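Trainee: I've got a model open and I'd like to talk it through with you. Could we go one question at a time?

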Amino acid sequence: MFKHKDALKDAQLSPLWHAPEIMPKPEPPLDGDENCELLIVGGGFTGLWAALQAKEREPEADIILIEQTFVGDGASGRNGGFLSTSITHGETNTDAQFPGETEKIKALGTQNIKELLETLERYGIDARHEACGATTIASSPEFVEEMYEEFLGAESAGEPVTWYDQNAIKEEVNSPRCFAGYKRQDGLSGVVDPARICWGLKSVLLRELGVRIFEGTRMISVKPAGKTGMRTLCSGGVIQSHKVLLATNAFTSSISRIRNSVIPVWDYQICTEPLTDEQLNKIKWGKPESRHALSNYNNMFHYFRLTRDNRITWGGGGAVRYYFSRGIDRNLMDAPARYEQLATEFFEMFPQLEGEVRFTHRWGGIIATSTRFCVVPGVMHEGRLAWAVGYTGQGVSASRFGGRIGIELLGYQPSEILKMKFVRRKALPWPPEPFRWMAVKMTQLALVRADRKGGKRGLWLKFLDALGLGFTC
Ligand SMILES: Cc1cc2nc3c(=O)[nH]c(=O)nc-3n(C[C@H](O)[C@H](O)[C@H](O)COP(=O)(O)OP(=O)(O)OC[C@H]3O[C@@H](n4cnc5c(N)ncnc54)[C@H](O)[C@@H]3O)c2cc1C
């Protein structure tokens, strides 16, 4: 019988999704000066979707995309692959941040995910999408009542939801940590393999839409050039363009408005070897009709799902970290304590698998957390420089919408969305260090305490709730 540390012993430090046999060859870096109409900085979902939507709106647009490492190396190629309909990190957050726009935002979210899936299909990108919805479980009895009320609210709003009481949930996911659950099933949301989306989009941009991509190319600075252009200094050369879109997540930015509105929060994940049928039977999860995409109802929630070959990816929980003074160093990915914590928590959820199942991969990635917990768009220099960053933990589908906002702010067929509070309202800036670190730390401790007390929120969380700032991951 091996314990959680042994189970992790051979786990490679690399996202499961970055399998060498499907990783495309990186494009050569910039080598000399270039000109274009639109420069996009960042080869994650935001940048890739922005390029694709700009090209579909204006096929003649001459676009360059640069990426400092390789496409899909940021959060977009490292996430859990939970594809959600929401573009604002859930309805509760929408109500708190953008009162009066809930219905409009919901409709835009549904339109966005539909268009996202249609686009993947149109270009033949196999993202391994499973429309399994999203299932939330109560991992302690104290949460059941509150969760049931949430379920009733969704049901009376006409949403397609299913309730599982304690006996029923154990038939779906057999764990001593499951006391009830409910599933939202809209036929669209579910799970994907995120890196396949990145690389599929990259291939379409290069081969079908004529976008030039330079990988291994870092933007060093960006400045207006004259009255109509922008000058971007990169490793490898200077790019002169009419417009620039920054799709740089929470990586350091020379623009103070971006720097102050998002902080880099590290999220870690581990992944098991493929489970055998016998192991799946033990946990009763994985039957064709119940391949749930799971998360628990806690503040510091885990998210876990099955892959096509029946591995379990497991992330979130207490392993989420903000490091003092905007730590984005790649070495922070190798954080043994975080992976051990995740493994311990995994076997608390599925003790039947302890001593039987090993982890093959472990990895971390940077979430851009904003004080409004959803995308922060912005524009300056008379509409020549725009950005879309800060989806917090829910950006797989929302980043396509972020890319849309970004290009519309730059004048690519602007629509009525630019009039919405959602787009126009500025995000509250994060306080400077050391207050930032102290505030995040205090909030995380308060969230852990609230989870231990069945969700009962203390004074600090109530204060943040009053400001619309109730959570951090
Ligand atoms: C571990 C983890 C799990 C997650 N799970 C989920 C999930 O299950 N569901 C969900 O909806 N969301 C999830 N998210 C969030 C989601 O992945 C992100 O919101 C989304 O991928 C953001 O996309 P992006 O393009 O804005 O950022 P990124 O994918 O990070 O792309 C930004 C890119 O910009 C590049 N860049 C930055 N600065 C420069 C520069 N100066 N020059 C050139 N290039 C630069 C970076 O290298 C990077 O590739 C998760 C995130 C993480 C980290």
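This is a predicted model: local features need pLDDT of at least 70, side-chain atom pairs count only at pLDDT 80 or more; totals for chains, interfaces and linings use all residues.

Trainee: Leaving aside neighbours within four places in sequence, which residues is L38 in contact with?

Mentor: L38 is one of the residues that touch the most other members of the largest nonpolar core, a set of 126 residues. A nonpolar core here is a set of buried Ala, Val, Leu, Ile, Met, Phe, Trp, Tyr and Cys residues joined through C-beta atoms within 7 Å. Skipping neighbours within four places in sequence, the contacts of L38 are A54, A61, I63, S241, H242, K243, L245 and L410.

Trainee: Which residues does the second, separate core include?

Mentor: That core has five residues. One of them, L447, lies in helix α13, and helices (H or I, at least four residues) and strands (E, at least two) are DSSP runs, numbered from the N terminus. The second core includes A446, L447, A450 and L461.

Trainee: Is L447 buried or exposed?

Mentor: The cut-offs go by other C-beta atoms within 10 Å of a residue's own, placed from the backbone: 20 or more is buried, 12 or fewer is exposed, and in between is partly exposed. L447 has 25 such atoms within 10 Å, so L447 is buried.

Trainee: How far apart are the C-alpha centres of domain 2 and domain 3?

Mentor: The assignment gives three stretches for domain 2 (34-120 + 194-262 + 372-424) and one for domain 3 (435-467). Going by C-alpha centres, domain 2 and domain 3 are apart by 31 Å.

Trainee: Now the ligand: between which domains does it lie, and why?

Mentor: The shell around the ligand has 40 residues, with G42, G44, G74, G365 and G395 the closest; a residue is near if its C-beta atom, placed from the backbone, lies within 6 Å. Elements giving two or more residues to this shell are α2 (45-57), β13 (262-272) and β17 (359-370). Both domains listed for the shell contribute residues, so the ligand lies between domain 1 and domain 2.

Trainee: How many charged residues does that shell have?

Mentor: Ala, Val, Leu, Ile, Met, Phe, Trp, Tyr, Cys and Pro count as nonpolar, Asp, Glu, Lys and Arg as charged, and the others, Gly among them, as polar. The shell has 13 nonpolar and 22 polar residues, and its charged residues number five.

Trainee: What radius of gyration does the protein chain have?

Mentor: We take the radius over C-alpha atoms, and the globule rule is 2.2 Å times the number of residues to the power 0.38. For 473 residues a compact globule would come out near 23 Å, and the chain agrees with that, at 22 Å.

Trainee: Where does V357 lie, and which residues does V357 touch?

Mentor: V357 lies in the loop between α10 (336-349) and β17. V357 has 22 other C-beta atoms within 10 Å, so it is buried. Not counting residues up to four places away in sequence, V357 touches A7, T272, E273, L275 and Q279.

Trainee: Which loop holds L428?

Mentor: With 14 other C-beta atoms within 10 Å, L428 is partly exposed. L428 lies in the loop between α12 (421-424) and α13 (435-452).

Trainee: What is omega for the peptide bond from E433 to P434?

Mentor: P434 lies in the loop between α12 and α13. The bond from E433 to P434 is cis, with omega near 5°.

Trainee: What is the phi of N249?

Mentor: N249 lies in the loop between β12 (237-246) and α8 (256-261), and is buried, with 28 other C-beta atoms within 10 Å. N249 is not a glycine, yet its phi is positive, at about 55°.

Definitions and conventions. Residues are numbered from 1 along each chain as its sequence is written. Domain bounds come from an automatic or database domain assignment. Two residues are in contact if their C-beta atoms, placed from the backbone, lie within 7 Å.
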